[in-house]
Amino acid sequence: RPYTFTTPPELVSIDSLLRHGADYHQRLVAIRGHVTQPELHLDESELFVNFVFRIADGNQSVVVFGRHDRTQGALSISLDLSVEVIGVFWKERELNSSHITNTIEALSVSPYPTLIPENA
């Protein structure tokens, strides 16, 4: 089910998310950092890529997961790439009978700084 939000995402640091996770639980956030531990898997239809990776800033990181529609272009996830992730932060949740903490359900992952000039 797609999320709809009436407010823009709040840009927060990974440090803030980890220290004040309860304040951001199930809120739309934007974070920036470097991709580590990327895993990409095509689904059965080969139209979508399911992904999971850690986004790191210094020695702190959170897990990002989501689904990318391949008809919307290439996916901006590769090791050490600097990205901005916009998504819903979960301080904790149950997923496939696992208890997971500090994750972001990504709505978008894009290179940061953007590769497209603002005035193009």
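**Figure 1. S97 lies in the loop between β5 and β6.** The model is predicted: local features need pLDDT of at least 70 and side-chain atom pairs count only at pLDDT 80 or more, while totals for chains, interfaces and linings use all residues. Residues are numbered from 1 along each chain as its sequence is written, and side-chain values use heavy atoms, with hydrogens and water left out. Helices (H or I, at least four residues) and strands (E, at least two) are DSSP runs, numbered from the N terminus. S97 is exposed, at 75% relative accessibility. Here buried means under 20% relative accessible area, exposed means over 50%, and partly exposed falls in between (1.4 Å probe, protein chains only). The phi of S97 is near 60 degrees, a positive value in a residue other than glycine.

Figure 2. From the N terminus on, the elements run β-α-α-β-β-β-β-β. The radius of gyration is 14 Å, close to the 14 Å that the globule rule gives for 120 residues, so the chain is as compact as a globular protein of that length. That radius is taken over C-alpha atoms, and the rule is 2.2 Å times the number of residues to the power 0.38. Along its principal axes, the C-alpha trace spans about 40 × 35 × 30 Å. Of the 120 residues, 32% count as buried. Contact means heavy atoms within 4.5 Å. Among contacts between residues at least 6 apart in sequence, 51% join residues at least 24 apart.

**Figure 3. The largest nonpolar core holds 19 residues.** Such a core is a set of buried Ala, Val, Leu, Ile, Met, Phe, Trp, Tyr and Cys residues joined through side-chain atoms within 4.5 Å. I31, F53, I55, V85 and I104 touch the most other members. At least two core residues come from each of α1 (14–19), β2 (28–42), β3 (48–57), β4 (60–69), β5 (82–95) and β6. Leaving aside residues up to four places away in sequence, the contacts of I55 include I14, I31, V62, V64, V83 and V85. Also touched by I55 are R32, G33, H34, Q60 and S61.

**Figure 4. N102 is a buried residue of strand β6.** Its relative accessible area is 16%. N102 has a positive phi of about 50 degrees although it is not a glycine. Beyond residues up to four places away in sequence, N102 touches L18, V62, V63, F89, W90 and K91.

**Figure 5. Two arginines sit over aromatic rings.** The charged end of R67 lies 4.2 Å from the centre of the F48 ring. R93 lies over the face of W90, 4.0 Å from the ring centre. A charge sits over a ring if NZ of Lys or CZ of Arg is within 6 Å of the ring centre and within 35 degrees of the ring normal.

**Figure 6. A cis peptide bond joins Y112 and P113.** Omega is about -5 degrees. P113 is in the segment after β6 (98–111). With a relative accessible area of 60%, P113 is exposed. The C-alpha atoms of P113 and V64 are separated by 19 Å, at 49 residues apart along the chain.

**Figure 7. L81 is found in the loop between β4 and β5.** L81 is partly exposed, with a relative accessible area of 27%. Not counting residues up to four places away in sequence, L81 touches G33, H34, V35 and S76. L81 and S98 are 28 Å apart, C-alpha to C-alpha, and 17 residues apart in sequence.
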